[in-house]
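Biologist: Before we look at the details, could you take me through this model one element at a time, with the criteria stated as we go?

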Amino acid sequence: MRGRPVKEIIRVLNPIIRGYGQYWKHVVSKQTFSYMDNYIFSKLVKHLKHLHPKKSWKWITKRYFRKPYHGGNNRWILTCPLTNIQLLKMSWIKIERHVMVAYKNSPDNPSLKEYWEK
């Protein structure tokens, strides 16, 4: 997507980031999510510098990076200046652990119907 507008990049990347995050949120992945955020950020910086070769880094940051709309102090969220859509971060996805099934609880036991519904 070299040279494509930021709006298109965000619309392509957001479902991919959300999908991978939802798939891997059940394992120990917070550090990996942070690594992926840093990797995506470095590639976006390279893309933005290629998109505006004669503009300064200060101009690029003022135009494309803002604080997240849901709150927070991180001001390095890629935001489209025209549509105000923002790029998701994998680290925003909450890690959810699997609940282990208690010992000798079979789904075939009719007396444990409430346990399996919960």
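Biologist: How many residues does helix α2 have, and what distance does it reach from its first C-alpha to its last?

Modeller: This is a predicted model, in which local features need pLDDT of at least 70 and side-chain atom pairs count only at pLDDT 80 or more, while totals for chains, interfaces and linings use all residues. Residues are numbered from 1 along each chain as its sequence is written, and side-chain values use heavy atoms, with hydrogens and water left out. Helices are DSSP runs of H or I with at least four residues, and strands are runs of E with at least two, numbered from the N terminus. The expected span is 1.5 Å times one less than the number of residues; for α2 (residues 30–51) that expectation is 32 Å, and the helix, with 22 residues, reaches 31 Å.

Biologist: Which elements do the buried residues of α2 pack against?

Modeller: Taking buried as under 20% relative accessible area, exposed as over 50% and partly exposed as in between (1.4 Å probe, protein chains only), the buried residues of α2 are F33, D37, I40, L44, V45, H47 and L48. They line one face of the helix, because they fall within an arc of 165° seen down its axis, the arc being that of the directions from the helix axis to the C-beta atoms. On the other side of α2, Q31, Y35 and N38 are exposed. With contact meaning heavy atoms within 4.5 Å, the buried residues of α2 pack against α1 (6–24), α3 (57–64), β1 (65–66) and β2 (77–78).

Biologist: Which exposed residues does α3 carry on the face turned away from its buried side?

Modeller: The buried residues of α3 are I60, T61 and Y64. Seen down the axis of α3, these fall within an arc of 95°, so they line one face, and they pack against α1, α2, β1 and β2. The face turned away from them carries the exposed residues K58 and K62.

Biologist: Which residue has its backbone oxygen 2.9 Å from a polar atom of the side chain of Q86?

Modeller: Q86 is placed in the loop between β2 and α4 (113–117), and it is buried, with a relative accessible area of 13%. Not counting residues up to four places away in sequence, Q86 touches several residues, including I10, N14, R66 and Y69. The backbone oxygen that lies 2.9 Å from a polar atom of its side chain belongs to K67.

Notes
Polar contact = N/O pair within 3.5 Å; in protein donor to acceptor, adjacent residues only side chain to side chain.
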